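User: Could you walk me through this model, starting with whatever I need to know before we look at a single helix?

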Amino acid sequence: MTNDIIILPLVVHLFFSIVLMFFWNKVDFQKIFSVVANFIALLVAIWVFIFVYNNGTQVVQSGNWEAPFGIVFVGDMLAATLVLLTAIAGFAVSIFSTISVIRARLRFGYFSVFHFLLLGLNGAFLTGDIFNLYVWFEIIIISSFVLISIGGEKNQLEGAVKYFALNFFASMIFLTALGVLYGLVGTLNMADISLKIAEVQNRNLVEISAVLFLVGFGIKSAIFPLYFWLPASYHTPPSAVSAIFAGLLTKVGVYALIRVFTLIYGGEGFLSILLLTLAIMTIFSGGVGAIIQNNMKKVFMYFIICHIGFMIGGLALFTEVAMAGVIFYLIHDIIIKTNLFLISGLIYRIKGTTNMKKLGGLYANYPKLSLLLAIPLFSLIGIPPLSGYWPKISLILASFNAEEYWFFGALIFGSLITLIVIAKLWSEVFWKDQPKINFPEKFIYFDQLRIGQKFTFIFPIAFLTFVTLYIGFGAEHIQQLSQRIASELINNELYIDAVLKR
Amino acid sequence: MRTLILKSASSYLIPVLLIFSVFILLRGHYLPGGGFVGGLVAAIAFVLDAFSNGLEKTKTILKIHPGFLMPLGLLVAFLSGISPMVFSDLPFMTGIWAENPIPVIGAIGSALFFDLGVYLVVIGAALTIIFTISESA
């Protein structure tokens with residue numbers, strides 16, 4: 001079995017999803033089963049991570065067809081890390097879903113589709129075939145479309161249509177790029193493409209396909225100027241769904257950008273200028289968007305956009321220090337963004353709203369809880385020694401060394417604006433006195449829940465906060481891991497040799 | 001609208017369509033055909049029955065809810081996918097074949113069970129969609 005170990009995260013999620021479909025109407029069973037299943041998936045992911053960490057890049061040729069002809073699954077360090085992070089986020093969100101998502105929604109196969117979404121994410125991280133990557137993206141879109149529209153409220157459907165239309169458009173551009181690339185090199189295996197693309201005479205066409213990939217993945221990862229679908233849709237579904245979207249869906253776009261622009265188009269000069277400009281604009285527009293919003297969920301959504309810019313900019317610099325910063329930021333960001341939306345879900349359950357003007361007095365009423373929530377919020381800003389601080393050092397250092405002062409300025413601007421907005425949020429939500437609000441009827445407040453039900457709200461947040469604390473205080477380990485991934489990405493011969501067994 | 005012509009024709013057509021769908025399913029792999037097309041043809045047989053005899057009667061013929069066929073088919077396909085990993089330590093989805101071909105059916109391998117899974121999923125999905133639409137109409 002150890003030959004196939006990297007495919008196990010896919011197999012377990014597929015299996016759990018099928019089992020959950022058999023128990024379509026038994027919601028209570030589904031809740032327990034999904035939590036247990038996600039715990040098993042977490043153990044599998046840890047196993048895969050340790051195995052890849054000790055034994056290097058693993059390759060599975062599905063159907064025993066040899067690369068570059070068959071579809072390969074490649075578990076390099078980056079993929080294994082992201083699979084582990086997906087499992088951590090999935091475990092936390094599945095616990096959070098059990099009580100916070102209402103029964104009417106769970107009845108329509110919520111957990112089954114949730115496992116399909118995790119299957120798609122794991123598949124996208126593990127595949128070594130670019131057309132297969134497209135297929136995993138489709139699985140992600142279809143399952144996320146079900147999750148975003150389940151419940152069928154009016155604003156939810158409005159968000160879902162925007163989300164689906166834009167993401168479907170992005171997939172079409174991705175497919176076009178694939179077609180152009182396949183026409184140029186005649187292969188779909190990413191390692192093989194990487195070898196053959198250097199020999200292509202028609203450089204203009206190579207650049208066109210690169211730009212098409214950039215647009216396709218750019219829409220999915222919500223970079224400037226095509227980010228507008230994200231604020232229009234992410235706040236509409238329940239917080240648990242928003243959390244998994246915020247933590248992982250845009251990051252899978254970033255992952256695809258990292259993979260394609262290191263492995264296939266590594267070091268194309270004109271691209272770095274383009275990526276850098278987009279990154280600066282993304283940081284700026286995301287930051288400015290966050291400052292004017294009054295709804296907590298919307299503030300966090302603009303932060304997603306803002307912080308995507310950090311990663312894209314680091315990718316544009318394309319040095320080992322910058323890439324280490326990007327990977328560290330990615331690790332930090334997946335955990336923290338998932339947690340932020342869980343927090344907004346918890347606050348919604350306590351107060352019945354996420355509008356910052358109507359919130360207040362959280363610190364007076366729930367001092368211990370506020371302390372817990374402070375940790376992820378401060379990590380987001382990057383107050384040393386919490387987790388956001390360390391990747392920013394690498395990114396700032398790299399931008400300074402590369403003499404990209406605009407990006408340097410944008411990084412400072414992005415961090416500063418995060419600080420301002422979080423300070424505003426803290427004083428509005430936690431310190432200010434509770435203003436008079438009309439509580440909606442038929443709404444079960446946090447205080448009315450039983451202790452076990454409260455646990456399902458607090459535990460995922462505490463769990464993710466613990467991971468964040470580990471990333472902050474164990475930064476040495478994460479930095480080593482990031483540097484190893486960065487050097488694997490820059491020196492892509494290792495990846496190519498592993499896939500093609502040279 | 002139920003016409004006598006459609007009703008008498010369907011009673012002959014439905015068994016033929018079902019047998020044809022199995023034929024297409026078994027013909028797959030090397031020749032055009034396979035689980036997807038076979039499943040669609042089988043679904044058409046039931047849809048034709050629903051047109052001519054009414055939806056309620058078709059449901060009694062089917063006995064189980066068509067939605068149940070989807071997880072069942074997925075499970076069959078899934079098991080055929082992981083069987084090489086479990087039984088013979090080969091990579092995921094490798095085709096394993098029985099040594100001697102069986103008369104009429106031909107060579108049996110894990111690919112056939114994968115196709116069978118697809119067949120069931122397609123019937124389940126197509127019938128669930130069509131039944132839901134015709135119920136709400």
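Analyst: The expected span of a helix is 1.5 Å times one less than its number of residues, and helices (H or I, at least four residues) and strands (E, at least two) are DSSP runs numbered from the N terminus. This is a predicted model, in which local features need pLDDT of at least 70 and side-chain atom pairs count only at pLDDT 80 or more, whereas totals for chains, interfaces and linings use all residues. Residues are numbered from 1 along each chain as its sequence is written, while chains are lettered from A and ligands numbered from 1 in the order in which they are written.

User: OK, so what should helix 16 of chain A span, and what are its end C-alpha atoms apart by?

Analyst: Its 15 residues should span 21 Å at 1.5 Å a residue, and the end C-alpha atoms are 21 Å apart, so the two agree. Just after helix 16 of chain A, Gly382(A) adopts a positive phi of about 100°.

User: Which of its residues are buried?

Analyst: In helix 16 of chain A they are Leu369(A), Leu373(A), Ile375(A), Pro376(A), Leu377(A), Phe378(A), Ser379(A) and Leu380(A), where buried means that 20 or more other C-beta atoms, placed from the backbone, lie within 10 Å of the residue's own. These buried residues pack against helices 13, 14, 18 and 19 of chain A, and contact here requires C-beta atoms, placed from the backbone, within 7 Å.

User: And helix 18 of chain A, how many residues has it?

Analyst: Helix 18 of chain A, residues 405-431, has 27 residues and reaches 37 Å from its first C-alpha to its last, close to the 39 Å expected. Its buried residues include Phe407(A), Leu411(A), Gly414(A), Val421(A) and Phe430(A), and the partners that the buried residues of helix 18 pack against include helices 12, 14 and 17 of chain A.

User: Zooming out, which residues touch the most other members of the largest nonpolar core?

Analyst: Val83(A), Ile88(A), Ile312(A), Leu315(A) and Ile327(A) do, in a core of 213 residues, a nonpolar core being a set of buried Ala, Val, Leu, Ile, Met, Phe, Trp, Tyr and Cys residues joined through C-beta atoms within 7 Å. Helix 14 of chain A gives the largest share of this core, with 20 residues. Leaving aside residues up to four places away in sequence, Ile312(A) touches Ile223(A), Leu257(A), Leu275(A), Leu278(A), Ala279(A) and Thr282(A).

User: What does chain A look like as a whole?

Analyst: Chain A has 21 helices and 2 strands, its C-alpha trace spans about 70 × 55 × 40 Å along the principal axes, and 57% of its 502 residues count as buried. Among its contacts between residues at least 6 apart in sequence, 81% join residues at least 24 apart.

User: Switching to chain B, how many helices and strands has it?

Analyst: Chain B has 5 helices and 0 strands, its C-alpha atoms fill a box of roughly 55 × 30 × 20 Å along the principal axes, and buried residues make up 35% of its 137 residues.

User: Where does UniProt place the "transmembrane region" feature in it?

Analyst: The unreviewed UniProt entry places it at residues 12-30, 36-55, 67-87 and 107-133 of chain B, though such annotations may be inferred rather than shown by experiment. In the model, residues 67-87 of chain B are 90% helix, with end C-alpha atoms 30 Å apart, and residues 107-133 of chain B are 89% helix, with end C-alpha atoms 39 Å apart.

User: Last one: how many residues does the contact between the chains take from each?

Analyst: The contact takes 13 residues from chain B and 14 residues from chain A.

Key:
Buried ≥ 20, exposed ≤ 12 C-beta atoms within 10 Å, placed from the backbone. Contact = placed C-beta atoms within 7 Å.
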